[in-house]
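I opened this model to look up its helices, its core and its charged pairs. My entries follow in the order I made them.

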Amino acid sequence: MADFVDRIAQHIPRLRRYARALTHDAAWADDLVQDTLERALRRRWLYRFDRSLAAWLFTILYRLFLDDAARRGALVPIDMDAPEPAGQDDPAVRIDMQRALARLPAEQRAVVVLIGLEQLSYNEAAAVLGVPPGTVMSRLSRARAQLRQLLSGEPVAGAGDGGTSAARLSRIK
């Protein structure tokens, strides 16, 4: 048991970073991490030792986030102290990235953080999110494209312009 607790404790910084990236609220993120650790320890018998412990913990955290977000009405506040990107020296770049991440839909933000920041594989991220790997790849592609637009200062299609810049489908009989 002590070895399992030590292995879980090694993942606390990663869990905290992921929770803060999802919630943009330090208090909510800390509550999610605490609930994740409590649930993991209470249900340790569900962990399969042939699987990644990090992916199992991220799955628990993500499911708790979805439950909390549904209870809160899916409003995610923007806290300028979150997320905690590793190695960003320029505060302006960090703030721009935080704001851009906050504007992504929760599904895309989760994929970007799991793959880009936490370095999970597509298959591990798919297991965490409960979706097929192809869905992870498409969400990541869309998220990266939207981040590029947001960070380059280009207007995002369909945002603020009534959708006039986005391609429209028309039905022809």
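**Charged pairs and packing**

I began with R42, which is partly exposed at a relative accessible area of 47%. For these entries, buried means under 20% relative accessible area, exposed means over 50%, and partly exposed lies in between (1.4 Å probe, protein chains only). The model is predicted, so I kept to its limits: local features need pLDDT of at least 70, side-chain atom pairs count only at pLDDT 80 or more, and totals for chains, interfaces and linings use all residues. Residues are numbered from 1 along each chain as its sequence is written, and side-chain values use heavy atoms, with hydrogens and water left out.

I then looked up the partner of R42. R42 forms a salt bridge with E38, with the closest N and O atoms 3.3 Å apart. I took a salt bridge to be a side-chain nitrogen of Lys or Arg within 4 Å of a carboxyl oxygen of Asp or Glu. Both residues sit in helix α3, four residues apart, about one turn of the helix. E38 is partly exposed, with a relative accessible area of 42%.

How many salt bridges are there by this rule? I counted five.

Next I checked R14 and E118, whose side chains meet in a salt bridge at 2.8 Å, N to O. This pair links distant parts of the chain: R14 is in helix α2 and E118 in the loop between α6 and α7, 104 residues apart. Is E118 buried or exposed? E118 is buried, at a relative accessible area of 3%, while R14 counts as partly exposed at 22%. I also noted that R14, R17 and E118 are linked in a network of salt bridges.

The last pair I looked up was R16 with D30, where the closest N and O atoms are 3.0 Å apart. R16 lies in helix α2 and D30 in helix α3, so the pair ties together parts 14 residues apart in sequence. R16 is partly exposed at 28%, and D30 is partly exposed at 32%.

**Whole chain**

I listed the secondary structure: eight helices and zero strands. Helices (H or I, at least four residues) and strands (E, at least two) are DSSP runs, numbered from the N terminus. Of the 173 residues in the protein chain, 37% are buried. I took contact to mean heavy atoms within 4.5 Å. Among contacts between residues at least 6 apart in sequence, 67% join residues at least 24 apart.

**Helix α6**

Helix α6 covers residues 106-117, twelve residues in total. The helix reaches 15 Å from its first C-alpha to its last, close to the 16 Å expected at 1.5 Å a residue; the expected span is 1.5 Å times one less than the number of residues. Its buried residues are Q108, R109, A110, V111, V112, V113, L114 and I115. Their cover includes α2, α4, α5, α7 and α8. Just after α6, Q119 takes a positive phi of about 60 degrees.

**Core**

I used nonpolar core for a set of buried Ala, Val, Leu, Ile, Met, Phe, Trp, Tyr and Cys residues joined through side-chain atoms within 4.5 Å. The largest has 46 residues, and those with the most contacts inside it are Y18, V128 and L129. Which element gives the most to this core? Helix α4 does, with twelve residues. Leaving aside neighbours within four places in sequence, I found L129 in contact with Y18, Y62, R63, A110, V111, L114 and V136.
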